[in-house]
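The exercises below are to be worked with the sequence and the coordinates at hand. Each task is followed by a solution in steps.

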Amino acid sequence: MTAFVAGLDFVSNLSAPHVLHLKRLGDHLRPRLSLLANDLYKHLQSQSDNWKLLENEAQTSALRSMQEKWLVALFAGPYDEAFWDRQRYIGERHVVLAISLAQIGSTFTYLRTRLVEETIRAAKSEQVAPELWIGALLQLLDACQYVMNSAYERRRLHDAILALRQLTRVYDLESFFHEAARLAITVAQADGAGLLLREDGHLKYRFFHGLPEPYQAFAHWAFPDHAGTSGAAVQRGAPVYVPDYPQSVFAMPEFIDAGLQASLALPIPGPEGIQGALAVSWFQSKPMARVPEDRWDHLRLITDMLGANLYREALEQRAEGLATRDMLTGLPNRRVVKECIESAMARAERHHYLFALLFLDLDGFKPINDRLGHTEGDATLRQVADDLRRVVRGEDSVLRYAGDEFLILVEDIAHISEVETIAQRIVENVRREVRKGDLSLPLSASLGVSLYPFDDGSPEEMVHHADLAMYAAKQAGGNQWQFFDQETGQALAQRQGLVQELRGAMEKEEFVLHWQPIVMLPQRHISGAEALLRWQHPTRGLLGPGEFLEVLEILPMMQSVGRWIIDAAFAQAAQWHSQEHRIDVHINLAAIQLEDPGFLDFLKDRLDCYTAIRSDHIWLEIVERIALRDVPATASMIKACRALGVHFTLDDFGTGAAALQYLVELECSGIKLDKSMVDPMRDSPKHHNMVRAMVDMAKTLSIHVVAEGVEDHHTAELLDALGVQYAQGYLFAKAMDALEMTRLLDAPPPFSVRH
């Protein structure tokens with residue numbers, strides 16, 4: 001039956017005079033309809049259920065306007081199809097505004113009371129029998145309420161079905177729960193919901209939706225699976241609804257304190273029994289006296305879908321565990337090796353610790369498997385796996401790689417001696433006699449160690465290196481461990497000590513800068529100076545970069561050291577420039593600085609700080625092997641820095657695979673010819689011609705050329721003849737401290753001092 005027909009049935013007993021009475025009543029009430037609409041709104045406002053709705057100013061305004069227009073139309077007629085379509089629209093609109101069916105009924109009850117009072121007063125003033133107007137009025141209000149309620153239910157049902165259809169397209173469990181909870185809350189006209197899962201005789205919250213802040217304390221709380229409304233629902237396998245939670249037999253003090261007023265718990269089914277419960281909760285909204293029958297189907301369907309998704313998640317986790325877990329020993333298998341090593345590397349870099357990969361192969365396992373049988377062999381592997389888990393620390397990992405091979409990931413190592421201790425303990429614990437009856441066979445382990453970041457390769461390379469070290473240990477007789485190679489192992493211990501000293505050097509301000517002049521060849525004038533890092537070691541004296549730089553550059557602390565170098569070099573350059581020594585200052589960059597996303601901002605900040613420096617006198621030097629790691633990324637960084645006015649030089653040019661074409665792509669302003677290219681040109685025409693070609697090409701590209709390692713006058717003359725304008729080397733000066741460099745700058749030209 002359509003809303004229009006239903007409406008006609010309700011008012012079919014209205015005679016033409018009755019319709020006329022309604023219109024006369026409307027004329028009498030029209031001046032008061034605006035006030036009546038306001039009272040109607042206040043009545044709705046007084047119902048606590050609408051606190052969320054009435055916080056929305058736009059919806060509040062729309063509701064008040066709709067109510068006033070409806071009251072005017074109520075007495076204006078005609079009561080045709082358009083009128084009843086309007087009643088249907090208003091009913092659907094109440095769904096959108098989240099006004100419940102009970103609230104619509106309460107509104108009509110309030111309206112009947114007020115309008116009957118107004119009708120009695122109006123009838124008396126018009127000298128009309130009140131019952132004539134009241135009868136017609138009540139029939140009309142009944143018809144309107146019926147049509148609105150019918151439209152409301154149809155729209156709510158349509159929205160619920162649409163929401164369920166959309167819910168079937170959500171596959172992530174957490175997202176699915178939030179959508180399901182939102183739908184359950186709407187259907188039950190509640191405030192929030194939580195998902196509780198059953199495990200080991202307890203219920204524990206997995207997800208919350210719309211629950212107040214005090215509930216967050218329950219995130220890690222478990223309670224017996226027979227307690228509360230959720231426990232009752234789980235035990236009964238049926239929904240439990242308590243409209244007055246504080247007074248119910250299921251009440252738990254913790255939830256009362258959190259403000260729970262009413263609770264509906266729906267068991268979540270699964271093929272192996274009840275998996276948990278969906279707990280729907282009321283805090284502010286008015287609970288229903290009972291859950292209407294037509295709501296149960298939606299709520300049960302929601303919990304059925306939740307149950308299916310929970311079971312699917314469990315199957316996926318089980319399948320993933322089977323795929324990545326060794327069935328015999330229960331250890332992770334080789335499928336997760338790469339991921340585990342990558343994670344360990346990342347943590348080692350982040351926390352400034354070492355990471356060791358130990359490759360273990362059992363000595364004597366084949367005879368055990370062959371002579372004692374596969375059952376005994378499997379039991380031996382399980383026992384070794386258990387022993388390894390017991391021997392290593394809590395933060396370490398044991399994986400079964402293949403057959404009788406195991407990997408041990410040892411993390412958070414402060415000193416190489418810790419690796420040695422763990423490796424030795426593993427060897428000692430694996431060593432045993434495997435017996436069956438009267439037969440006894442020996443078992444031991446050969447262990448190879450790869451140490452990160454000193455063995456800085458891919459996860460596959462680390463496994464390979466540890467495997468090689470293990471093979472060396474086995475070749476040496478087994479029942480022992482070795483580093484990647486013996487020489488490397490010894491060197492690692494020394495380097496680890498150096499690492500500890502380097503960290504202390506930064507804290508104790510033991511790093512200093514020395515300066516080597518860069519000279520214009522024809523005039524022998526100082527045109528610039530290169531900042532060179534030195535370490536004023538407390539016991540070994542002044543150390544050059546060859547003593548420590550290789551190790552320093554692989555450590556994360558190089559980032560802070562590199563920034564210190566730039567700051568110290570800028571401070572010295574600012575002093576020289578303020579003294580009218582406008583020389584170029586060359587500063588070397590490490591790879592970690594090139595890859596630092598904050599480098600550009602740091603450089604700009606330092607230029608802003610040292611205003612005496614002209615940025616075009618700053619030359620940042622990068623070696624070609626680093627620049628060519630990622631040419632597009634390096635080119636992008638150089639371009640951004642050049643916008644600040646600084647220049648870039650490609651250092652050690654000619655020692656690697658770089659071609660001059662990269663200079664165009666990288667937009668470097670200069671190159672430094674490496675000493676290994678410069679020295680041979682004195683006696684080798686081929687090298688002489690190679691340098692000539694480089695210089696000619698650089699001139700064509702307007703690229704600044706500096707020759708490094710110039711140690712004799714003949715080489716200087718050859719370079720001068722080729723058109724190389726700038727050089728540095730022992731012919732002119734060794735590196736010196738800032739005070740001595742300043743004396744040279746203060747001396748009159750031409751520059752001719754040697755050291």
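**Exercise 1. Cysteines**

Is C641 buried or exposed?

Solution. The model is a predicted one. Step 1: the cut-off for buried is a relative accessible area under 20%. Step 2: C641 has a relative accessible area of 0%, so C641 is buried.

**Exercise 2. A helix pair**

Determine how the axes of α11 and α15 are arranged, and list the residues that make the contact.

Solution. Step 1: helix α11 covers residues 337–351 and helix α15 covers residues 459–475; their axes come within 9 Å and cross at roughly 100°. Step 2: angles of 65 to 115 degrees count as roughly perpendicular, and α11 and α15 are therefore roughly perpendicular to each other. Step 3: α11 contributes V337, K338, I341, E342 and M345 to the contact, while α15 contributes P459, E460, M462 and V463. Step 4: by class, the residues of this contact are 6 nonpolar, no polar and 3 charged.

**Exercise 3. Nonpolar cores**

Find the size of the largest nonpolar core and the residues with the most contacts inside it. Then examine the surroundings of L360.

Solution. Step 1: the largest nonpolar core has 119 residues, and the most contacts inside it belong to L358, L360, I426, L502, W515 and F648. Step 2: helix α18 (residues 558–578) supplies the largest share of this core, 9 residues. Step 3: another core, of 38 residues, lies apart from it and includes W84, I104, F108 and M148. Step 4: leaving aside neighbours within four places in sequence, L360 is in contact with residues including L388, F406, I408, I426, V430 and L447. Among the contacts of L360 are also D404, E405 and S446. As background, nonpolar side chains in soluble globular proteins tend to be buried together.

**Exercise 4. Backbone angles**

Which residues does a cis peptide bond join? Locate D412 and E667, and give the phi of each.

Solution. Step 1: the cis peptide bond is between Y452 and P453, with omega about 15°. P453 is in the loop between β11 (439–452) and α15. Step 2: D412, in strand β9 (residues 405–413), is not a glycine, yet its phi is positive, near 55°. Step 3: E667, in the loop between α23 (661–666) and β19 (670–673), is likewise not a glycine and has a positive phi of about 60°. Step 4: D412 is partly exposed at a relative accessible area of 36%, and E667 is partly exposed at 34%.

Note on methods: Residues numbered from 1 in each chain as written. Predicted model: local features only at pLDDT ≥ 70, side-chain atom pairs only at ≥ 80, totals over all residues. Heavy atoms only, no water. Axes fitted to C-alpha atoms, helices over the stretch in contact; angles between N-to-C directions. Helix = DSSP H or I, 4+ residues; strand = E, 2+ residues; numbered from the N terminus. Parallel < 35°, antiparallel > 145°, perpendicular 65-115°, else oblique. Contact = heavy atoms within 4.5 Å. Nonpolar A, V, L, I, M, F, W, Y, C, P; charged D, E, K, R; others polar. Buried < 20%, exposed > 50% of the residue type's maximum accessible area, 1.4 Å probe, protein only. Core = buried A, V, L, I, M, F, W, Y, C linked by side-chain atoms within 4.5 Å.
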